[in-house]
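Please look over the sequence and the model shown below. The report that follows describes how two parts of one chain meet.

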Amino acid sequence: MKSTTISLPISIGDVTKTYGRTAALDNVNLEIASGEFITLLGPSGSGKTTLLMVLAGFIRPNSGQIRFGDREVTLLPPHKRDVGMVFQNYALFPHMTVAGNLAYPLKLRGIARAEVEERVARALDMVQLVGFGERQVDQLSGGQRQRVALARAIIFEPRILLMDEPLSALDKKLREQMQIEVRHLHQRLGMTTVYVTHDQREALTMSDRIAVINHGRFRQIDKPQDLYERPNDRFIAEFIGESHFLPVEVRGGAAYLGERAMRLAEPPRHQAPAQFLVLRPEKLKIVEATEAADLNVFSGQVKEFVYQGESSLLYVALADGQPIAIRQPAGNAQRAPLPGSPITLGLAPADTIIVPSEEP
Amino acid sequence: MPAAAQPALTEHLAHHRAGRNAAELRAQDRAEQWMLGSLALPGLLLIGIVALAPIVWLFWLSFRTADGMTLAHYERLLHPSYLITLGSTFELSFLVTGVSILLGYPLAYIIAQARPRIAALLLLLVLFPIWTSLLVRCYAWLVLLQRRGLINTWLSDLGFIDGPLRLVHNFTGTSIGMVHIMLPFMVLPLYASMRAINPDYMRAAANLGASPVQAFWQIFVPLSLPGLAAGIVIVFVLCLGFYVTPALLGGGRVMMWSMQIERNVSYYGDWGAASALGVVLLVMTLGILWLLGRVIGFDKLTGGR
Amino acid sequence: MLARPATDTQITHRRRLWLYALVGLVVLFLIAPSLLVVPLSFSDSRYLTFPPPAWSTRWYTTYFGAIEWREATYVSFMAAILTMLLSTTSGTLAAYGLHALRSRWSALAYAAFILPLVIPAILIAIGIFLLYAQLGLNNTLAGIVLAHSVLAIPLVVITVASSLKSYDMNQEMVARSLGATRLRAFLTVTLPQIRISVISGALLAFITSLDEVVISLFIAGGDKATLTKRMFNALRDEIDPTIAAISTLLIALSVALLGMSQFVQSRDKT
């Protein structure tokens with residue numbers, strides 16, 4: 001009897017995968033809630049794809065436990081796990097039509113022909129490819145293939161969906177469009193989704209939570225906003241969004257940039273003496289030296305103005321030569337300040353983030 | 001929420017779970033490896049038992065006589081007649097390889113440069129001899145080169161010669177036949193390696209001031225060397241051990257190493273001598289192949305055949 | 001047209017005419033001898049004069065009429081078909097298994113599969129002869145098939161392995177994630193896509209067995225003599241024009257098989 005739940009929680013317990021001496025996954029643990037859209041975000045070689053493959057059953061870990069709901073699946077072969085998977089290069093079967101690709105998982109489950117045809121039609125409709133059933137795979141564009149791959153992964157109504165950088169082969173505009181479509185699909189169908197990407201913007205756009213992974217370990221697992229506003233360390237701050245870093249000294253609960261104590265909204269979370277001040281370009285404001293009473297102030301010289309359409313970037317060199325940048329929306333009526341002219345920037349204490357270089 | 005705080009909760013229980021699965025996971029891994037490996041087993045067994053094991057046996061035989069272990073068979077190989085055989089084997093191999101390079105390089109070059117349709121046609125024509133029976137080709141050369149064969153008949157009819165040329169049942173005929181057999185094996189690897197040469201290199205050479213002839217000798221030929229090396233080794237090694245063509249076109253006047261092996265087995269029943277000859281041939285073959293592997297990389301050898 | 005550039009270095013066709021002539025001669029050298037045999041087979045004369053004084057099909061009649069030739073043909077074709085079946089299955093499985101295994105053993109095993117092509121045929125021949133003498137497999141069809149397979153399996157493995165290299169194994173993974181067992185995934189997804197190279201390998205195995213000379217000389221005797229062995233002996237003794245007839249038929253077969261192989265490969269969409 002088919003269960004009526006549409007999604008399952010995932011429990012990853014102490015999973016380790018080593019290749020020779022390197023650990024692709026180093027004792028990772030993660031609890032994913034039922035119906036959650038969680039992104040595994042990290043640079044290449046971080047282990048994110050390895051973890052996804054472990055979830056799918058294609059890579060056998062050295063040890064650990066994977067549960068889908070209350071079913072332990074660690075020892076189950078891939079064809080028994082009942083998860084949907086979308087690969088980076090789609091892996092559509094070129095010797096079958098689009099309909100053939102979509103029907104494949106249904107036929108494997110012994111579903112009657114009439115129902116197969118009906119579900120294939122519905123799936124095509126869901127990804128807006130009505131009428132494409134009889135096309136050959138090589139007749140489709142990249143975006144169309146991606147949608148067929150997606151449809152094939154969900155047509156048998158799996159309760160978990162795994163996606164391995166599915167949009168990386170698409171061009172920018174199409175990618176951004178598909179990000180929203182995938183998000184809508186998730187909201188509509190509600191299955192637990194584990195999404196892998198190296199594109200932090202994509203992660204921020206689509207996820208309920210983001211798990212940042214590097215060198216086979218999770219560095220920080222948080223909601224997108226918390227990850228962006230409260231990164232745990234320099235790696236996270238550098239990986240998510242753009243920033244410049246200024247070295248600061250932390251002693252006695254305060255952070256000192258040179259001799260100057262920074263105005264902070266809360267004391268630094270870590271006590272390591274050598275840490276960094278995170279400067280997000282969009283958090284900085286151009287101020288007059290006089291009106292910066294309760295801000296952290298940085299004075300320097302304008303170096304370069306870079307126009308980028310909806311916003312612009314202004315590179316500034318501080319007194320000691322360190323470069324920082326400020327981002328301003330295009331709506332600002334100000335003309336570009338001349339290179340060489342002096343400039344003062346202000347940062348609110350609430351936006352002043354101090355991070356250690358590595359999470360201890 | 002920092003990730004470091006997580007494991008503390010379930011660490012205690014986790015150890016048990018992880019340990020248990022580790023053994024089963026390893027077992028599953030091994031079972032899968034065995035299953036996949038066993039797919040190759042039938043083929044490996046067949047080749048191992050039918051082809052490779054006897055070679056080992058021959059190797060052992062080469063050191064034995066009725067009285068025990070000995071180097072006598074190898075010592076006999078130093079006899080002048082064997083040395084002459086070795087000489088003519090190498091002579092033929094060098095000659096055939098050399099001629100194959102001279103004829104094969106231009107052919108490969110043209111095919112590599114031709115338009116796809118013409119190249120496909122030319123390749124087909126080069127492949128055709130490989131798919132034709134060896135014996136048919138030897139027969140064709142016998143017909144062509146005999147004393148009253150086609151070539152002699154034509155040449156004397158056209159008045160170029162007075163008496164028939166001795167073109168077959170000798171070294172000449174054997175060489176011609178061998179070149180015919182070996183040429184495709186020189187052309188194919190050469191062609192493959194020439195195709196892989198990025199046309200930008202020649203364009204760059206021309207742009208930098210090289211004349212077409214200079215660009216060819218200074219840029220193209222060096223870049224085609226891996227394919228040339230592969231072709232040379234394949235042809236040379238094939239020539240060393242070749243039996244059929246010298247046996248048919250040599251008329252008994254050309255004694256090749258392989259024919260000595262055959263004679264010792266069929267005629268004299270002298271397995272000691274035959275196996276010693278065989279081992280020497282194998283060692284020469286493997287030695288030359290190993291040399292090539294060192295020069296161009298072993299993975300190219302196995303993939304490029 | 002001759003003044004137009006032939007290559008990126010802008011050398012013209014005219015200046016390369018000598019090259020084209022040379023290459024033309026080389027191609028002629030490769031093709032002509034085999035083709036000349038064809039008209040000869042229809043010559044009425046015992047002596048191989050060209051052009052033949054009269055045309056007839058007597059040599060074909062001789063061929064089909066002689067029981068030794070017929071038996072030899074039967075043996076050769078049976079051996080070729082059985083070799084093709086045996087080598088194609090074991091070779092394809094081996095290539096797939098080694099490809100999917102991805103361990104350092106597979107490189108070693110692959111090298112072992114290539115060995116029969118590397119070792120001189122004469123050596124393999126006397127080795128097999130020695131072995132068969134112990135096992136009583138000389139002059140048997142089974143012995144011939146096993147021996148020919150030893151040469152054919154490497155060719156199948158190389159052919160299939162190279163096509164597997166450019167095949168996207170992700171598709172098998174996808175099929176398995178969709179619910180197919182390993183075997184099912186292989187049969188429904190992988191095999192249809194590598195079937196071109198499997199067929200090419202099979203044709204190669206067939207022709208290798210049919211044309212095999214050296215090993216057959218040793219182990220295919222008596223009433224299990226192969227066509228190649230009889231032809232070899234006939235060529236050694238005297239130039240029997242029957243050989244011309246057999247040769248023509250073999251050439252026709254070669255052309256047909258080569259054509260088939262090319263046709264099959266041209267339909268490769270991947």
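Predicted model: local features only at pLDDT ≥ 70, side-chain atom pairs only at ≥ 80, totals over all residues.

Local features need pLDDT of at least 70 and side-chain atom pairs count only at pLDDT 80 or more, whereas totals for chains, interfaces and linings use all residues. Residues are numbered from 1 along each chain as its sequence is written, chains are lettered from A and ligands numbered from 1 in the order in which they are written, and side-chain values use heavy atoms, with hydrogens and water left out.

The bounds in the table come from an automatic or database domain assignment.

| Domain of chain A | Residues |
|---|---|
| Domain 1 | 10-229 |
| Domain 2 | 234-355 |

The C-alpha centres of these two domains lie 38 Å apart, and the contact (heavy atoms within 4.5 Å) takes 13 residues from domain 1 of chain A and nine residues from domain 2 of chain A.

Between them the two domains bury about 1000 Å², 66% of it on carbon and sulfur atoms, where buried area is the accessible area (1.4 Å probe) that two parts lose on being put together, summed over both. In domain 1 of chain A, the residues that lose the most area to domain 2 of chain A are A:Gln200, A:Tyr228 and A:Glu229, together 51% of what that side buries.
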